[in-house]
Amino acid sequence: MHLRRRLVLLTLLVAGLAGPVASPLWGWGFPAHQRINGRAVELLPGPLGEYFMAHRNWLVSLAVDADRRKSYSPEERPSHYIDFEYYGSGPYDSLPHQRRDAEEKFGRENLPKWGTLPWHVTGLTRSLSQAMRAGEWERVVVLSADLGHFIGDGHQPLHTTVNYDGKDSGNDGIHVMFETLMVNHYMQRYRPADLKIIEIKHLDEAVFSWLIEAHGLLDHLLEADTKARESLSPKQQGALIVRFDTDPATLPRDYLDDLYAGAGQLAWRQMDLAAIRLASLWHWAWLEAGSPAPPS
Ligand SMILES: [Zn+2]
């Protein structure tokens, strides 16, 4: 079947299974994931860049399917986060880069609870490379879009911690507030940086270092939220535990502005980095596959 037609069917199938709106998403909002994938396509050079540009709409719309899948496939969830604290203490340089070794060290049953995001990203990148080598270009588009989703999640600091919703630090509700309400509300102010793709020498090292770097931004993010809620009463603070589709107009006055003042640049920087690193992973997979010519 023609690639375009198969992708239409795939998208309809996924959307149909997920229902019209997924429950709380625990990932950047849909617009942020789509911006990351779309920007990565623009930054990707060479013949692969041309091919991806011709399929940009698919790479953008499929960026959020991984979150849709979570609503009917619970075993998908651990791929979207890693609670680094369970795996030791910073800088986490003794964390095994191979999943098998991590299972041996920490217990196989614990990984699905503590999150498997970095191993998922490296595994997916290698699968992408195999699909390129095999000339399975339909699969290349789907895997590339999916990889964008997980790289996006890995650059959201709250996807790298046991304190993912701020409960341990008096920042209850920060997860959806930051990644969805704040980012969506101010998205028109985002000016994507013009970055060049980077050469990845060691896939596992690179991916782990990016996620550990995101984890290192947690204090900054939580402090921005603490400062933003300083002048709020306990009742107003209670109103900060929201759904992803909450109307920002219902939030306590000035809170979102103050959060953006403290954490807005962090969000845009992480989206920029996610986009350029995604393009770099696509490029790495293509080189590893022997730089196959995409179909014209
Ligand atoms: Zn996700």
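This report describes the overall fold of a predicted model and then one of its helices, α2.

## Overall fold

The secondary structure of the chain consists of 14 helices and zero strands. Read along the sequence, the pattern is α-α-α-α-α-α-α-α-α-α-α-α-α-α. The radius of gyration is 19 Å, close to the 19 Å that the globule rule gives for 296 residues, so the chain is as compact as a globular protein of that length.

Along its principal axes, the C-alpha trace spans about 60 × 40 × 35 Å.

## Burial and contacts

Of the 296 residues in the chain, 42% are buried.

## Helix α2

Helix α2 covers residues 30–43 and has 14 residues. From its first C-alpha to its last it reaches 20 Å, close to the 20 Å expected at 1.5 Å a residue.

How much of α2 is covered? Ten of its 14 residues are buried, which leaves the helix mostly covered. The buried residues are A32, H33, Q34, R35, I36, N37, R39, A40, V41 and L43.

## What covers α2

Several other helices contribute to the cover over the buried residues of α2. Among them are α3 (46–54) and α4 (56–61). The cover also includes α9 (137–154), α10 (174–186) and α14 (255–288).

Terms used: Residues numbered from 1 in each chain as written. Predicted model: local features only at pLDDT ≥ 70, side-chain atom pairs only at ≥ 80, totals over all residues. Helix = DSSP H or I, 4+ residues; strand = E, 2+ residues; numbered from the N terminus. Expected span 1.5 Å × (residues − 1). Buried ≥ 20, exposed ≤ 12 C-beta atoms within 10 Å, placed from the backbone. Contact = placed C-beta atoms within 7 Å. Rg over C-alpha atoms; globule rule 2.2 N^0.38 Å.
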